Amino acid sequence: MPKNSKVVKRELDDEVIESVKDLLSNEDSSDDAFKKSELMVDDQEEKDVDVEEGSDVEDERPAWNSKLQYILAQVGFSVGLGNVWRFPYLCQKNGGGAYLVPYLILLLIIGIPLFFLELAVGQRIRRGSIGVWNYISPKLGGIGFASCVVCFFVALYYNVIIGWSLFYFSQSFQHPLPWDQCPLVKNTSHTFVEPECEKSSATTYYWYREALNISSSLSESGGLNWKMTVCLLAAWVMVCLAMIKGIQSSGKIMYFSSLFPYVVLLCFLIRGLLLNGSVDGIRHMFTPKLEIMLEPKVWREAATQVFFALGLGFGGVIAFSSYNKRDNNCHFDAVLVSFINFFTSVLATLVVFAVLGFKANIINEKCVIQNSEKILKLLKIGNLSQDMIPHHINFSSITAEDYNLVYDIIQKVKEEEFDSLGLKSCQIEDELNKAVQGTGLAFIAFTEAMTHFPASPFWSVMFFLMLVNLGLGSMFGTIEGIITPIVDTFKVRKEILTVICCLVAFFIGLIFVQRSGNYFVTMFDDYSATLPLLIVVILENIAVTRIYGIDKFMEDLKDMLGFSPSQYYYYMWKYVSPLVLLCLLVASIVQMGLSPPGYNAWIEDTATEEFHSYPTWGMIVCISLMVLAILPVPIVFMVRRCNLIDDSSGSLASVSYKRGRIIKEPVNLEGDNTSLIHGKSPSEVPSPNFGKNIYRKQTGSPTLDTAPNGRYGIGYLMADMPDMPESDL
């Protein structure tokens, strides 16, 4: 049919006017969403298909097989190694049971609200972190890219820790365990204990020398540690195989990787409570030191732990929730996962301190025996009088209480020359006050305690298998935070991207399996995530509450959930959480400025750790990690602000929205340019009904303007039809 036919033109105009009348007749006067210029296009929920801007291909988004699978994925991501070896350390360091008070308060103020926010935006927009923030405002698209960069940095060194756990797991099938005793060195004349091990301990020596074979400084590379290189490769192969099919493969693995750690923790707790001295450890743990709770440092560390425990800012939470159904109750999910995370930390703390109490009693018994022998020697040479020793004391089977009684008597009688006697007090509390965190807790303190367990290889296998599972659960969420946004944005094949991502990460990760690799792990852990993630989450909060609009977001939540969320979240998101996050950011910057940047190096000759400042190039790397992580935010903002990239695409017209949910319309850009209804002539298509595609952008027409709320409203669509006579509109 000729393009300039007046008859066709008139029929076409009549069809469009009828279509508009049909739309207006279906308007619900009480529907606030419609009044905000949101175009309702399809009334059949089951036909809603998510689409990203620029997509011309109709593809159903994957979905979780069950709600349980999704919850386990979120729990597996949020519950990680930090729950086992950082929370107990912070609890011990910051007032014992009193530390739980600021932690719970901050969990309610920033933890649950921000976790709920990330779950909601992922489920609402159904895209990864890049697509979510692009949708809210293209200028803020850099937030998603920043999350991906941080995820990549964290994945690089986090998988190294899984590699360490795999190494210890593989070495646990021996009796006795290889770190049970110091190795003996033979020479031509005699056999002696390895000096480095004798100066430290068997487990410490095994960690630094046998496992890491660590160098004495960051600048001394020492070449690759082949054992750890193989373990790192195995860790990346496991992650790649689990993630290669997306949630279809990783979701099923979650049943094991998320639940198995709880089985192990419960077994350890039961076994730990049966050990001698475990009650001392738990009592020490929950003895509140209320005066410490008033220190600002305690609140800062509690806020940081809440922030990282839930995985905020990484993009993994958003990625996982984007595969949910639109009407999923994400508020329930947020509260459930947050408290599961908290109770997991408490459970792990009970286990840790039960085991540490047992270890402290063993060390205390050795201390009592050694110092009792010293007292006997002092009695023999006449430095001490037998009259000072109570008659009921038997040094051959002396208890800790009897030793402390003798110690106090000698200290009072020999007050002036007591120090020269070289006696120790041997208090269990002194040993428990030695705060141990991170790798020192898992690979030194815990391994030492397990050497005293009956059937120690079994418990060692279980413990390190638990660490591997905890690490993998977090890695799945971290990698999903990288892959999902890139797949959604650039439409690449997920399988190919997953393999490439894991290969690149493995080769870059070789810097962590050098002999100096442990120092690089410390560097990345300290500088690659803390400040960038805080900035990312602050920007996320601002994007939702200020750019998108907190009132509009609350309406979207009401539409998704079927009920209005508590006004508590309104005030938290709008006022309290941003303020607390800003305070935390400032406190972290101040803390970073006051603490000298450096690392603890292991010195072989003295068998001790020694603090070293980073060299100049090391400082440059630290600063570069922080800058690179947050750099995408200003770059994308300037690119969008200055229109440096042409976003014009005919497929943009295929995007419309239903009550705040992005859905896909069929696009057919072929055929007669006068066809406004699916590319067909007016004679072929009846007057469109509600739920059909009505308008689409003409080929060659200017780029669609975006509505102020980031959507394409009806006015913007109709105003972009140059061939439509103004009089007919």
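Author: Strands here are DSSP runs of E, at least two residues each, numbered from the N terminus, and two strands pair if DSSP finds at least two bridges between them. The model is predicted.

Strand β3 covers residues 598–603 and strand β4 covers residues 608–613; their pairing is antiparallel, with 6 bridges. Tyr599 has His612 in β4 as its bridge partner. In a regular strand, side chains alternate between the two faces of the sheet. Is Ala607 buried or exposed? Its relative accessibility is 6%, so Ala607 counts as buried.

A positive phi also occurs at Lys491, again near 55° and again in a residue other than glycine. Lys491 belongs to the loop between α21 and α22 (494–508). With 42% relative accessibility, Lys491 counts as partly exposed. Another backbone feature is the cis peptide bond from His175 to Pro176, where omega is near 0°. Pro176 is in the loop between α8 (142–171) and β1 (184–186).

Turning to the rings, the whole structure holds 55 aromatic pairs. One of them joins Phe268 and Phe453, with 6.3 Å from centre to centre and 45° between the planes, a tilted arrangement. Phe268 is in helix α12 (residues 247–273), while Phe453 is in the loop between α20 (438–450) and α21 (456–490), so this pair ties together parts that are 185 residues apart in sequence. Phe268 and Phe453 are both buried. Tyr569 and Trp573 also form a tilted pair, because their ring centres are 5.6 Å apart and their planes are at 35°. These two residues are 4 residues apart in helix α25 (residues 567–594), so about one helical turn separates Tyr569 from Trp573. Tyr569 and Trp573 are both buried.

Charged side chains meet rings as well. The ring of Phe453 has Arg271 over its face, 5.9 Å from the ring centre. Likewise, Lys552 has its charged end over the ring of Tyr548, at 4.9 Å from the centre.

Within the helices, Asn371 can be examined by itself. Asn371 is part of helix α16 (residues 330–381) and has 2% relative accessibility, so this residue counts as buried. Which residues does Asn371 contact, apart from its neighbours within four places in sequence? They are Tyr403, Gly422, Leu423, Lys424 and Cys426.

Key. Residues are numbered from 1 along each chain as its sequence is written. This is a predicted model: local features need pLDDT of at least 70, side-chain atom pairs count only at pLDDT 80 or more; totals for chains, interfaces and linings use all residues. Side-chain values use heavy atoms; hydrogens and water are left out. Rings of Phe, Tyr and Trp (its six-membered ring) pair if their centres lie within 6.5 Å; planes under 30 degrees apart count as stacked, over 60 as edge-to-face and the rest as tilted. Buried means under 20% relative accessible area, exposed over 50%, partly exposed in between (1.4 Å probe, protein chains only). A charge sits over a ring if NZ of Lys or CZ of Arg is within 6 Å of the ring centre and within 35 degrees of the ring normal. Contact means heavy atoms within 4.5 Å.
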